[in-house]
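Below is a short briefing on one protein structure. Look through the sequence and the model before reading the points.

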Amino acid sequence: MSFRSDNTASAYEANGEVGKAIHELQDAIHINPNYVDAHRKLGEIYIDQQIPQEAIEEFKTALSIKINPRYADVHNNLGVAYEMAGEIEKAISCYGEAIKINPRYAKAHFNLGLAYDKAGYTKEAIKSYEEVIRLNPKSSVTYCNLGFLYKDLGDSQKAIESFK
């Protein structure tokens with residue numbers, strides 16, 4: 001039932017039938033409240049639908065059921081939901097937890113950089129972006145973000161290098 005629900009929900013979502021995807025996942029959770037992947041997927045849909053509070057609840061539920069290194073993405077996604085809800089410090093904490101679980105998780109480092117920048121922690125944002133570049137040297141958006149931060153700090157040489 002679980003795998004089928006995932007696939008059915010994904011098919012509905014891909015077909016633009018988000019309401020049906022949500023309903024399918026909610027039914028799966030009703031049958032098995034400990035179905036971590038359904039909570040995770042439902043949280044992702046809620047992020048896509050700009051419903052951060054619902055996403056936060058689903059990700060928190062998924063994490064309370066089972067903590068596993070492969071769920072670093074759940075911590076990252078919880079951070080995204082908190083950030084959407086304007087709770088930057090909580091987002092920073094979640095991204096940090098995702099990185100603690102998987103230090104090579106470039107997406108979490110990138111999101112941490114964004115959150116640090118929003119919170120006004122420029123030096124920490126730079127460190128996060130530098131780590132993204134170390135992990136993924138082809139991330140052009142990271143170079144761009146880094147360039148703007150260096151520009152804001154008045155370091156035009158590093159800004160120019162980042163923009164190249």
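**Cysteines**

By the sulfur-distance rule, the count of disulfides is 0. The structure is a predicted model. A disulfide is a covalent bond between the sulfur atoms of two cysteines.

- C94 counts as buried because its relative accessibility is 8%, and buried means under 20%.
- C144 has a relative accessible area of 30%, so it is partly exposed.
- C94 is also among the residues that L78 touches.

**The nonpolar core**

- In soluble globular proteins, nonpolar side chains tend to be buried together.
- The largest nonpolar core in this model has 47 residues.
- Within this core, F59 and L78 are the residues with the most contacts.
- At least two residues of the core come from each of these helices: α2 (18-31), α3, α4 (52-65), α5 (72-84), α6 (88-101), α7 (106-119), α8 (122-135) and α9 (140-152).
- The helix that gives the most to this core is α6, with 7 residues.
- Leaving out residues up to four places away in sequence, L78 touches I56, F59, K60, L63 and C94.

**Helix α3**

- Helix α3 covers residues 36-48, which makes 13 residues.
- From its first C-alpha to its last, α3 reaches 19 Å, close to the 18 Å expected at 1.5 Å a residue.
- Most of α3 is covered, with 11 of its 13 residues buried.
- The buried residues of α3 are V36, D37, A38, H39, R40, K41, L42, G43, I45, Y46 and I47.

- Q50 sits in the loop between α3 and α4.
- The phi of Q50 is near 60°, which is a positive value in a residue other than glycine.
- Is Q50 buried or exposed? Q50 counts as exposed because its relative accessibility is 58%, and the cut-off for exposed is over 50%.

- E83 is part of helix α5.
- With a relative accessible area of 12%, E83 is buried.
- Which side chain makes a polar contact with the side chain of E83? The partner is K118, at 2.9 Å.
- Not counting residues up to four places away in sequence, E83 touches I88, A91, Y95, N111, L114, A115 and K118.

Definitions and conventions
Residues are numbered from 1 along each chain as its sequence is written. This is a predicted model: local features need pLDDT of at least 70, side-chain atom pairs count only at pLDDT 80 or more; totals for chains, interfaces and linings use all residues. Side-chain values use heavy atoms; hydrogens and water are left out. Helices (H or I, at least four residues) and strands (E, at least two) are DSSP runs, numbered from the N terminus. The expected span of a helix is 1.5 Å times one less than its number of residues. Buried means under 20% relative accessible area, exposed over 50%, partly exposed in between (1.4 Å probe, protein chains only). A nonpolar core is a set of buried Ala, Val, Leu, Ile, Met, Phe, Trp, Tyr and Cys residues joined through side-chain atoms within 4.5 Å. Contact means heavy atoms within 4.5 Å. A disulfide is a pair of cysteine sulfur atoms within 2.5 Å. A polar contact is a pair of N or O atoms within 3.5 Å; within protein, one must be able to donate a hydrogen and the other to accept it, and residues adjacent in sequence count only if both atoms are side-chain atoms.
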